[in-house]
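Subject: Structure for your review

Dear colleague,

Please find below the structure that I am handing over to you. My findings follow directly after it.

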Amino acid sequence: MSEEPQLEARLESQEEFEPPASFVEQANVTDESIYREFEENWPEAWERAAELLDWEQDWDQVLDDSDEPFYEWFVDGKLNACANCVDRHLGERADQTAIEWVGEPGGTRTYSYAELHEEVNAAAAALRELGVEEDDVVTMYMPMIPELPIAMLACARIGAPHSVVFAGFSANALAERMQAADSEVLVTCDGYYRRGDALDHLSKAREGLEQVEDVTTVVAKRLGADAPSAVEDEHVYESVVDPHRGTEVDPVTRDAEDMLFLMYTSGTTGEPKGVKHTTGGYLSYTAWTSRAVLDIDPEDNYWCAADIGWITGHSYIVYGPLALGTTTLMYEGTPDYPEKDRLWELVDSYDVTQLYTAPTAIRAFMKWGTEYPERHDLSTLRLLGTVGEPINPRAWRWYHEHIGDGSCPIVDTWWQTETGGMMITTLPGIGTMKPGTAGPPLPGISADVVDTDGTTVDPGEGGYLTVDRPWPGMLRTLYRNDERFLAEYWQEHSDTENDNWVYSPEDGAKIDDDGYITILGRVDDVVNVSGHRIGTMEVESAIVGVEGVAEAAVVGADDDVKGQAIYAYAITEAGQTETDEFRREVIAGVEDAIGPFARPAEVVFTPELPKTRSGKIMRRLLADIADGEELGNTSTLRNPGVVEDIQQRVQERETE
Ligand code: WT7
């Protein structure tokens, strides 16, 4: 640990930054009255967001809350998301760049809005020809290549919800998600480049498909190996798309509440949750927040350095920015290849105006040193953003000074897969910034920090973050599982008898006298590694799936760069020796079940796990042990004697 928490906390309370005048002068939102307007005119004020889009038919009602918490937004409104992200820009901006794509080994692909329109239409026609009908779920298992957003938009065009599975997921995880969604069409690719290597992706996809029946697959050729596929129902992207070039496919009229996409995310149980987002509410919300928070204008060269396989990329690489008709940059590779200045080189050469990235990346840049950004002209940047995990004040200041040259506001945006878009952040042209603190809830968002009884905590006290009013971008349910939707998000803090519905994000937080919210991290069994949400139960079930493991407990341990790292404790079965080789098998088990990004940073073999008298594993205690912290009273454990033994084993691992 390099940070001194107390010192950090003190600096945090001392420091405040005002939005720079140069930014305010041109900002999209500068009038503080917007907060009052939303307050006094709620929910109608949300029409402002919907009005950013083109509707085929206007809504009759802004919000229908007759069946809480199954809210409906912009009721009876009709629109098509693809038409809003592509077609409607053709008039004014046909030749403007919509997507600027940069490959890792160099090489770029630029799509003007007119070209994007052509690509998306051809892909939509191809999907239709392959049998995709309205409301069929199409899965995409792809890295950061242009065919991914093209396929997403093509699905939106024909009213087929997409379910994008991050390319780092394993074959098994892909199969599990396809089965859960009953998805029979997969768009994937042959491979991609990562740190100079050409990675095979198709073998992983094919391996996953062995577990799913009757799937038609489309394979984009990123690596270009041209061996025709011998696999049944597998088609090369070009061979199915090219014949449709020049074809126009009418955008299907969708209801505001029709599903735009599904995104699987991790929760407390081992089974991933299919978060359902809609066409009208989600698109209005992402467009609105892209405009108000990221300050996006059509003239911008905007860059969100996330992966489209996660919600950040859906909302703020694809849907929000394209709905506003801007230029969105997409980069295939990692920030340290070929050199650690790759991001800054791209900011320089593409005159990037806004950069949106994650604290874990910023902490890595900090570690690499200022020489890398100093090599480049970053003066086109006017706004910086972060998302995914709390940003420590030291990283905030570094980002502000060394990337923003002290003249860019930073928006620290708290939100989740479930919220669809940003919820808590300062507005960059209005709000005083406090490093380490996300900020107040956005206009129209009502959030609070409460104790277990639902009472608002005093300023500075820790509690549970809650959201007590619906918003257009919210998830509507968990796919085919209303019960779990109610149980996971609405049970804990709602007072259903009095019809007072409160959404639980499962984050700890505190609030200050100005109403600024600081996020303290997850309160459920979810670990946030480099901004990726990983359920400890998922990792535990992967580990106990390895032959020779009897029991496992997984916790998040502090990590200087990643925020948290996965720390696993495992009890071996009798007869299984605790060798390094077996440790590698355990790690491989996690890679197979979930993917390499969920790989435990450490596996400690232990004879027992600390348990309460009722038999519950004390994960908090295991996390403290992993962090080398002093432990409180352990006498309430059923087996207090085990603690010292585990501590010793952890120390042994660390000195190894
Ligand atoms: C969890 C959601 C939102 C897209 C990326 C992650 C954490 C997110 C912040 C922030 C502190 C943050 C929360 C949240 N988180 N943004 N600005 N400050 N924590 O999406 O996988 O759905 O994870 O990420 O813990 O609950 P996700």
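A patch of negative charge on the surface gathers Glu133, Asp136, Glu184, Glu213, Asp214, Glu232 and Asp233. Please note that the model is a predicted one.

Salt bridges come next; the count is 46.

In the pair formed by Asp242 and Arg245, the closest N and O atoms are 2.8 Å apart. Asp242 is partly exposed, with a relative accessible area of 36%, and Arg245 is likewise partly exposed, at 33%.

Arg649 forms a salt bridge with Glu578, and here the closest N and O atoms are 3.4 Å apart. This pair links distant parts of the chain: Arg649 sits in helix H22 (residues 642-655), while Glu578 sits in the loop between strand E28 (563-572) and helix H20 (580-593), 71 residues apart. Arg649 counts as partly exposed because its relative accessibility is 23%. Glu578 is also partly exposed, with a relative accessible area of 39%.

Asp580 and Arg583 are both in helix H20, three residues apart, which is about one turn of the helix. Their side chains meet in a salt bridge of 2.6 Å, N to O. Asp580 is partly exposed, with a relative accessible area of 42%, whereas Arg583, at 10% relative accessibility, counts as buried, the cut-off for buried being under 20%.

Turning to the strands, E23 (residues 507-511) and E24 (residues 517-522) run antiparallel and are joined by five bridges. Lys510 stands opposite Thr518 in E24. The two strands form a hairpin with five residues between them, and Gly515 in the turn has a positive phi of about 80°.

A positive phi is also found after helix H14, where Asp351 has a value near 50°. Helix H14 itself (residues 342-349) has as its buried residues Arg342, Leu343, Trp344, Leu346 and Val347.

Yours sincerely

How values were computed
Residues numbered from 1 in each chain as written. Predicted model: local features only at pLDDT ≥ 70, side-chain atom pairs only at ≥ 80, totals over all residues. Heavy atoms only, no water. Patch = residues over 30% accessible without salt bridge, like charges linked within 9 Å, V, L, I, M, F, W, Y side chains within 5 Å. Areas by Shrake-Rupley, 256 points an atom, 1.4 Å probe, with all protein chains shown as cover. Salt bridge = Lys/Arg side-chain N within 4 Å of Asp/Glu carboxyl O. Lys, Arg positive; Asp, Glu negative; His and termini not counted. Charge placed at Lys NZ, Arg CZ, Asp CG, Glu CD. Pairing = 2+ DSSP bridges. Helix = DSSP H or I, 4+ residues; strand = E, 2+ residues; numbered from the N terminus. Buried < 20%, exposed > 50% of the residue type's maximum accessible area, 1.4 Å probe, protein only.
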